[in-house]
Amino acid sequence: MPVPSADVAGQAAPIPFAAIFEAATEAFLVADDQRHYVAANPAACALLGRTLAEVLAMRIDDLARPDQRQWVETAWAAFLADGVQAGPMEIVRPDGTVRH
């Protein structure tokens with residue numbers, strides 16, 4: 001698998017600690033300011049039930065239950081304003097199951 005990178009100012013920038021990112025058993029997702037995923041490790045892809053290409057074509061909102069999408073927008077605005085965000089989010093997998 002290639003070293004994960006994020007699009008920074010139109011150029012791919014390697015994610016620091018890429019080997020740890022890739023080997024981690026915990027799911028890690030990286031999103032840009034517009035909530036588009038720019039990187040996901042294998043554990044995240046497994047949790048989401050999607051390929052890396054599928055994840056990178058998505059936004060955070062796409063994984064939320066339809067009744068939570070407004071909450072995602074509000075929480076993201078707070079994250080951008082405050083610089084921190086913590087807490088669970090339920091995600092919907094392609095088969096319709098919900099994960100926490």
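The structure is a predicted model in which local features need pLDDT of at least 70 and side-chain atom pairs count only at pLDDT 80 or more, while totals for chains, interfaces and linings use all residues. Residues are numbered from 1 along each chain as its sequence is written, and side-chain values use heavy atoms, with hydrogens and water left out.

The mean pLDDT (the predictor's confidence in each residue, from 0 to 100) of the protein chain is 85, and 85% of the residues reach 70 or more. Over residues 6-10, the pLDDT falls below 50. Beyond near neighbours in sequence, this stretch has eight contacts in the model, a contact being defined by heavy atoms within 4.5 Å. Where pLDDT is low, the predicted coordinates should not be read in detail.

The protein chain holds five helices and six strands. These elements are DSSP runs numbered from the N terminus, with helices (H or I) of at least four residues and strands (E) of at least two. Their order from the N terminus is β-β-α-β-β-α-α-α-α-β-β. Among contacts with a separation of 6 or more, 32% join residues 24 or more positions apart. Of the 100 residues, 32% count as buried; buried denotes under 20% relative accessible area, exposed over 50%, and partly exposed in between, with a 1.4 Å probe and protein chains only. The chain exposes about 6,300 Å², of which carbon and sulfur atoms supply 59%. Such areas come from the Shrake-Rupley method with a 1.4 Å probe, and for residues only the protein chains shown count as cover.

The largest nonpolar core comprises 13 residues. A core of this kind is a set of buried Ala, Val, Leu, Ile, Met, Phe, Trp, Tyr and Cys residues joined through side-chain atoms within 4.5 Å. Tyr-37, Ala-40, Leu-48, Val-55, Ile-60 and Leu-63 have the most contacts inside this core. Two or more residues each come from β4 (37-40), α2 (42-48), α4 (60-63) and α5 (69-82), and α2 gives the most, with three residues.

Leaving aside neighbours within four places in sequence, Tyr-37 is in contact with Leu-29, Val-30, Ala-31, Val-55, Leu-56, Met-58, Arg-59, Ile-60 and Leu-63. Val-55 lies in helix α3 (residues 52-56) and counts as buried because its relative accessibility is 0%. Apart from residues up to four places away in sequence, Val-55 touches Leu-29, Tyr-37, Ala-40, Cys-45, Leu-48 and Arg-50. The C-alpha atoms of Val-55 and Ala-39, 16 residues apart in sequence, are 8.1 Å apart in space.

Rolling a probe the size of a water molecule over the atoms shows where empty space is left. The largest pocket has a volume of about 770 Å³. On a 1 Å grid over the protein atoms alone, a pocket is an open set of points where a 1.4 Å probe fits, with protein on both sides within 12 Å along at least five of seven lines, and lining residues have an atom within 4 Å of a point. Grid points are joined across faces, edges and corners, and the volume is the space filled by probe spheres set on the points. The lining numbers 23 residues, of which Leu-29, Tyr-37, Ile-60, Gly-87 and Met-89 lie nearest the pocket centre. At least two lining residues are supplied by each of β3 (29-31), α2, α4 and α5; α5 gives the most, with five.

Further residues were considered individually. Ile-91, in strand β5 (residues 91-92), is buried because its relative accessibility is 9%. Among its contacts beyond four places in sequence are Leu-47, Leu-48 and Leu-63. Phe-79 lies in helix α5 and is partly exposed, with a relative accessible area of 26%. Phe-79 touches Val-84 and Gln-85, residues up to four places away in sequence not being counted.

Arg-35 is placed in the loop between β3 and β4 and is buried, with a relative accessible area of 10%. Phi of Arg-35 is near 75°, a positive value in a residue other than glycine. Most residues other than glycine have a negative phi.
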